[in-house]
Amino acid sequence: MKITRIRAYRVDLPLHEGSYKWSGGKSVNVFDSTVVQVETDAGITGHGEVCPLGPFYLPAYANGVRAGLAELGPHLLGDDPLQLQKLNRRMDAALKGHPYVKSGIDMACWDILGQATGQPVCTLLGGRYGEDFGLYRAISQDTPEAMANRVAGYRAEGYQRFQLKVGGDPAVDVERIRAVAAKLRPGDRLIADANTGWLMHDALRVVRAVRDVDVYIEQPCLTYEECLTVRRHTDHPFVLDEVIDSIDVLLRGHADRAMDVVNIKISKLGGLTKARQARDLCVSLGVAMTLEDSWGGDIVTAAIAHLAHSTPPEFLFTATDFNSYVTVSIAEGAPRRVNGRMAAATAHGLGITPRREVLGAPVLEVS
């Protein structure tokens with residue numbers, strides 16, 4: 001089988017709640033997502049999706065996905081999409097860095113592999129564990145009272161994991177953590193996610209001020225070294241996210257006992273192939289994981305579901321359902337949240353069919 005054509009489509013994904021806010025005053029109202037289509041000479045077509053969380057979050061931006069595909073795509077024509085390790089080496093040789101550009105292609109090739117073998121992607125990623133898995137809900141940054149008031153509504157939707165967006169004024173963040181923690185019930189878990197927003201001295205003040213609260217502390221500072229210092233000054237469970245971008249960092253973090261949980265974002269690592277490698281390493285090392293991506297719609301959500309459903313449950317801290325945050329559906333067959341939980345499709349491949357009327361005409365074609 002050979003790749004014969006690569007196309008990219010641009011889709012806007014508005015949010016149900018109007019905006020999404022996190023540390024440093026960052027905010028997004030409409031997400032710019034790229035759907036990647038990989039066609040083959042066998043008549044099988046696969047799809048992937050890449051959706052950076054704006055240009056000011058990670059070293060990734062929406063137009064960069066499409067510019068990168070124009071650069072990378074010609075190198076992949078004629079390659080076998082079923083040989084995923086080989087294909088990833090080919091991509092890394094043709095384009096140094098820029099893993100998010102490669103993620104949609106890799107995801108689409110897993111979709112092709114599943115269709116070609118008659119298997120859902122989760123089976124190919126290791127097997128399906130259980131009937132479904134639990135999800136978390138991110139609480140967009142707002143006043144302490146407003147954030148606390150959202151918990152009841154999210155719990156009614158079945159969520160029991162609440163990721164509180166902090167990383168602002170330390171005194172206000174302490175109020176945010178305490179206000180939301182007061183709304184929790186048995187079985188709930190609270191994660192205070194600073195998204196790199198605190199300086200180290202402020203992070204230390206916050207963790208000391210909430211020492212009596214049952215809360216996870218997520219990525220308090222910008223660098224690994226700063227986060228490690230905070231980790232060593234708190235007995236709260238600790239989550240690393242933005243700095244987890246390679247196997248090297250995972251190994252270093254484990255050796256330093258720098259975290260209890262890591263967030264694995266598919267596009268940050270370069271696709272499902274490398275996300276699976278990181279996932280399997282974490283299982284071997286005994287590190288729990290949140291499996292997700294930077295953002296996305298139905299196709300990203302489908303990929304997350306397959307990766308999460310093929311993860312041993314004791315290591316799956318939680319996962320996310322981005323397609324329930326946005327108002328536009330870009331694919332049929334995508335998994336949907338049911339009472340705070342989700343399941344990967346049982347159909348072949350990712351189990352999705354793009355909505356052509358939503359995608360419109362391609363903005364890029366390589367053939």
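Student: Why does T229 count as partly exposed?
Tutor: This is a predicted model, in which local features need pLDDT of at least 70, side-chain atom pairs count only at pLDDT 80 or more, and totals for chains, interfaces and linings use all residues. Residues are numbered from 1 along each chain as its sequence is written, and side-chain values use heavy atoms, with hydrogens and water left out. Buried means under 20% relative accessible area, exposed over 50%, and partly exposed in between (1.4 Å probe, protein chains only). The relative accessibility of T229 is 28%, so T229 counts as partly exposed.

Student: What makes α1 oblique to α3?
Tutor: Helix α1 (residues 62–76) packs against helix α3 (residues 99–117) at about 60°, and their axes are 9 Å apart. Axes are lines fitted to C-alpha atoms, for helices over the stretch in contact, and angles run from 0 to 180 degrees between N-to-C directions. Under 35 degrees counts as roughly parallel, over 145 as roughly antiparallel, 65 to 115 as roughly perpendicular and the rest as oblique. The angle therefore makes α1 oblique to α3.

Student: Why is the chain called as compact as a globular protein of its length?
Tutor: The chain has 13 helices and 18 strands (DSSP runs: H or I, at least four residues; E, at least two). The radius of gyration is taken over C-alpha atoms, and the globule rule is 2.2 Å times the number of residues to the power 0.38. For 367 residues the rule gives 21 Å, and the chain has 20 Å, which is close, so the chain is as compact as a globular protein of that length.
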